[in-house]
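Here are some notes on the model, as requested.

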Amino acid sequence: MIAASAEGYPFPTNLDSDPPVAGLAPPSQADVVGRALREGWTPEALRDELRAGAERRQS
């Protein structure tokens with residue numbers, strides 16, 4: 001399921017609003033879903049984080 005994320009790659013992105021952390025690219029959707037599963041996020045928290053990431057990439 002994680003590998004099937006529609007936007008599995010972190011680029012293109014707006015590096016001003018989503019800067020690299022320690023030289024790394026912003027997390028992909030697959031990274032966010034994996035983290036949510038490991039940390040037991042609620043579906044609402046996952047949805048909000050995915051939406052925020054998509055908005056950062058579009059701005």
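1. A cavity here is a set of grid points where a 1.4 Å probe fits but cannot get out, and its lining residues have an atom within 4 Å of a point. The model is a predicted one.

2. On that definition, a search of the whole structure turns up one cavity of 30 Å³ or more. The largest cavity holds about 70 Å³ of space.

3. Twelve residues line the largest cavity. Those lying nearest its centre are Pro27, Val32, Gly53, Arg56 and Arg57. H1 and H2 are the elements that give two or more residues to this lining. H2 supplies the largest share, six residues. Sorted by class, the lining of the largest cavity has five nonpolar, three polar and four charged residues.

4. How do the axes of the two helices cross? Helix H1 covers residues 29-39 and helix H2 residues 43-58; their axes come within 10 Å and cross at roughly 160°. H1 is therefore roughly antiparallel to H2, the cut-off for that term being an angle over 145 degrees. The crossing of H1 and H2 is right-handed.

5. On the H1 side, the contact is made by Gln29, Val32, Val33 and Ala36. H2 contributes Leu46, Glu49, Leu50 and Arg57. The residues of this contact divide into five nonpolar, one polar and two charged.

6. Two residues deserve a second look. Val32 of H1 takes part in the contact with H2 and is among the residues nearest the centre of the largest cavity. Arg57 of H2 likewise belongs to the contact and lies among those nearest the cavity centre.

Terms used. Residues numbered from 1 in each chain as written. Predicted model: local features only at pLDDT ≥ 70, side-chain atom pairs only at ≥ 80, totals over all residues. Heavy atoms only, no water. Axes fitted to C-alpha atoms, helices over the stretch in contact; angles between N-to-C directions. Helix = DSSP H or I, 4+ residues; strand = E, 2+ residues; numbered from the N terminus. Parallel < 35°, antiparallel > 145°, perpendicular 65-115°, else oblique. Left-handed = near helix turned anticlockwise from the far one by under 90°. Contact = heavy atoms within 4.5 Å. Nonpolar A, V, L, I, M, F, W, Y, C, P; charged D, E, K, R; others polar. 1 Å grid on protein atoms, 1.4 Å probe; cavity = no way out; pocket = protein on both sides within 12 Å on 5 of 7 lines; lining within 4 Å. Points joined across faces, edges and corners; volume = space filled by probe spheres on them.
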